[in-house]
Amino acid sequence: MTLRCDLGELITAMVTPFDKQRAVDYKSVEKVSKHLLEQKTDAIVVAGTTGESPTLTHEEEQEVLYCTKAATSGQCKIIMGAGSNCTETAVNSSKKAQELGADAILSVVPYYNKPSQQGMIEHFGAIAKSVDLPIILYNIQGRTGVDMSPSTIAFLAKEYDNIVAVKQSNGNLDLISEIRMLAPDDFAIYSGDDSLTLPMLSIGAHGVVSVASHVVGAPIKSMIRNYKAGQVVAACNMHRILYPLFKKIFIAPNPTPIKALLSKLDIIENYVRRPLVELDEKLRLELSECLDCVLSKIENN
């Protein structure tokens, strides 16, 4: 299938590293970016919720984008988290992302103010008209309080050529089927939940916007590729190996667990910004043991 804009099958929602004073650690931004290339990611989302965007200033978001682009040197696509629950702010952030050279933007359904479906259409329509960049819609009712319907997603996909994909994070597979039936064939669907990647592939998804890919990107990529190549048993086996880690990295608010694992691997320091708090020692040990077990099974698979 030819997509209107192919941003890859494995997109990583990247963490934003902080130092002990909880200032953005830009050297570690470069380190994480290069690490994600080694993990076989096709694209990186900067300044998304995994990047703790609610606590970043616009200036910090822009500098993270710049550092990530410099570190990856065109080896993967860079997608800017440019959403807001204020349409004017989202438009301005999208324009800035285009100005700074982002390859695409990820734009979340407005949160807290709970717009109607028509309000979502007008919100995303204003963004689409303001930039030439490809736009990935981000539908996550658990964070926004409202769900964008399949018909609204399909309408936006048909109305605006630069609305190219949706990151769907509500766990309802029936809605994925409805989006696939209603939206144009060249519109991409991405799983927003690592654990649902394989099930969603089976009903028409293109790939995943992943958190686990910080540490198991290559195995996730192989799972996707095997499924699409008809090697379904191999894909299912990898899913079963990865599944415990997919669930364990959400034992606390994202990105707290994945930052703990990146710290274990000496890639970043283990700091999050308030109101998030770092994992306690018991949970860190559980998480570490889970990763070690999964990596061992992958090696012996």
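Why is strand 5 (residues 135-139) largely enclosed by the rest of the structure? Strand 5 is largely enclosed because 5 of its 5 residues are buried, where buried means under 20% relative accessible area, exposed over 50% and partly exposed in between, with a 1.4 Å probe and protein chains only.

The model is predicted, so local features need pLDDT of at least 70 and side-chain atom pairs count only at pLDDT 80 or more, whereas totals for chains, interfaces and linings use all residues. Residues are numbered from 1 along each chain as its sequence is written, and side-chain values use heavy atoms, with hydrogens and water left out.

Helices (H or I, at least four residues) and strands (E, at least two) are DSSP runs numbered from the N terminus. Both faces of strand 5 are covered, with I135, L137 and N139 buried on one side and I136 and Y138 buried on the other. Two strands pair if DSSP finds at least two bridges between them; strand 4 (residues 104-108) runs parallel to strand 5 and is joined to it by 4 bridges, with S107 standing opposite L137. Strand 6 (residues 163-168) also pairs with strand 5 in the parallel sense, over 5 bridges, and I163 is the bridge partner of I135. Strand 4, helix 4 (residues 117-130) and strand 5 make a right-handed β-α-β unit, meaning that, with the strands pointing away from the viewer, the path from the first strand over the helix to the second runs clockwise.

**Pockets**

On a 1 Å grid over the protein atoms alone, a pocket is an open set of points with protein on both sides within 12 Å along at least five of seven lines, and lining residues have an atom within 4 Å of a point. Grid points are joined across faces, edges and corners, and a volume is the space filled by probe spheres set on the points.

| Largest | about 620 Å³ | G48, T49, S53, P54 and Y111 |

**Cysteines**

A search of the whole structure finds 0 disulfides, a disulfide being a pair of cysteine sulfur atoms within 2.5 Å. C67 is in none, and the nearest cysteine sulfur, that of C76, is 14 Å away. C67 is buried, with a relative accessible area of 6%, whereas C86 is partly exposed at 32%.

Technical notes: 1 Å grid on protein atoms, 1.4 Å probe; cavity = no way out; pocket = protein on both sides within 12 Å on 5 of 7 lines; lining within 4 Å.
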